[in-house]
Amino acid sequence: MDYSMGRRHLFIMDCLVLIMVALNIIEAATAATTFEVGGSLGWTVPPNTSYYATWASSKTFAVGDTLEFKWNSTHNVLEVMTKAEYDGCTKTNGPIWETSPVVTTVTAGTRYFICSIGSHCASGQKLAVTSVASANAPPTPPGSSASSFPTASVVLPAILATMAISLIFVI
C-alpha cells in the first residue's frame, strides 16, 4: 500500500512539473516584445535623417508588440495616416501625444509617427513601422494560411487530457 501511495504522489509531482513546463513554453511562444523607439537615443532629433528608418529596419515588429516613445526635451508623437503625410512631414489632425512616455500597440499594416515640433520631422524624427502577422509567429509558408505551431488552446487541453488518462491507470 505504501508503494502505491508513493507511485501516486510521484505521478502527481511529475504531472505538475509537466504542466509548468508546458505553460512556460506556451508563454514564451506567445509573448509580445516592447521596443523602446530609437534604442538608447530615444525619441529625439536624430544625428541623421535616416536614423529611425535604420533602427526600424533591424527589428521585426509583430501585431501585439508595443512601441515606447521616450524623450526628455520638447517633443511629441503625432500619428499620421498616410505615407504621403509621413514623407512630407504633414502635421495633420491625427492622434497626438505630448507627454513622455508614449506606449502604443503595434497593429496590422504600416503605421507612421512623426514629431510635429518645429522642423524635427524634416530633420529625421519620424518612424514608420510595418508589422508581421503576430507576436513571435513564424512566417507562413506560401500557399498556407495557418501556422504549423500549435496554439495554447490546443496544447494545454491535450496535455491535461493525457495526464488525466494516465492518472486513471495509476490509481
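## Exercise 1: A bond between two cysteines

In this predicted model, the torsion about the S-S bond of Cys-89 and Cys-121 is about -75°, so the disulfide is left-handed.

**Task.** Find which parts of the chain this pair links, and decide whether Cys-89 is buried or exposed.

**Solution.** 
- Step 1: Start with the sulfur atoms of Cys-89 and Cys-121, which lie 2.1 Å apart. A disulfide is a pair of cysteine sulfur atoms within 2.5 Å, so this pair qualifies.
- Step 2: Locate both ends. Cys-89 sits in the loop between α3 (83-87) and β5 (96-97), and Cys-121 in the loop between β7 (110-114) and β8 (126-132). The pair links distant parts of the chain, 32 residues apart.
- Step 3: Look at accessibility. Buried means under 20% relative accessible area, so Cys-89 is buried at 15%, and Cys-121 is buried at 2%.
- Step 4: Check Cys-115. This residue is in no disulfide, and the nearest cysteine sulfur, that of Cys-121, is 8.1 Å away.

## Exercise 2: The surroundings of a glutamate

**Task.** Describe where Glu-79 is placed and which side chain it joins in a polar contact.

**Solution.** 
- Step 1: Find Glu-79 in strand β4, which covers residues 77-80.
- Step 2: Read its relative accessible area of 11%; Glu-79 is therefore buried.
- Step 3: Follow its side chain to that of Arg-111, where a polar contact of 2.8 Å joins the two.

Conventions. Residues are numbered from 1 along each chain as its sequence is written. This is a predicted model: local features need pLDDT of at least 70, side-chain atom pairs count only at pLDDT 80 or more; totals for chains, interfaces and linings use all residues. Side-chain values use heavy atoms; hydrogens and water are left out. Helices (H or I, at least four residues) and strands (E, at least two) are DSSP runs, numbered from the N terminus. Buried means under 20% relative accessible area, exposed over 50%, partly exposed in between (1.4 Å probe, protein chains only). A polar contact is a pair of N or O atoms within 3.5 Å; within protein, one must be able to donate a hydrogen and the other to accept it, and residues adjacent in sequence count only if both atoms are side-chain atoms.
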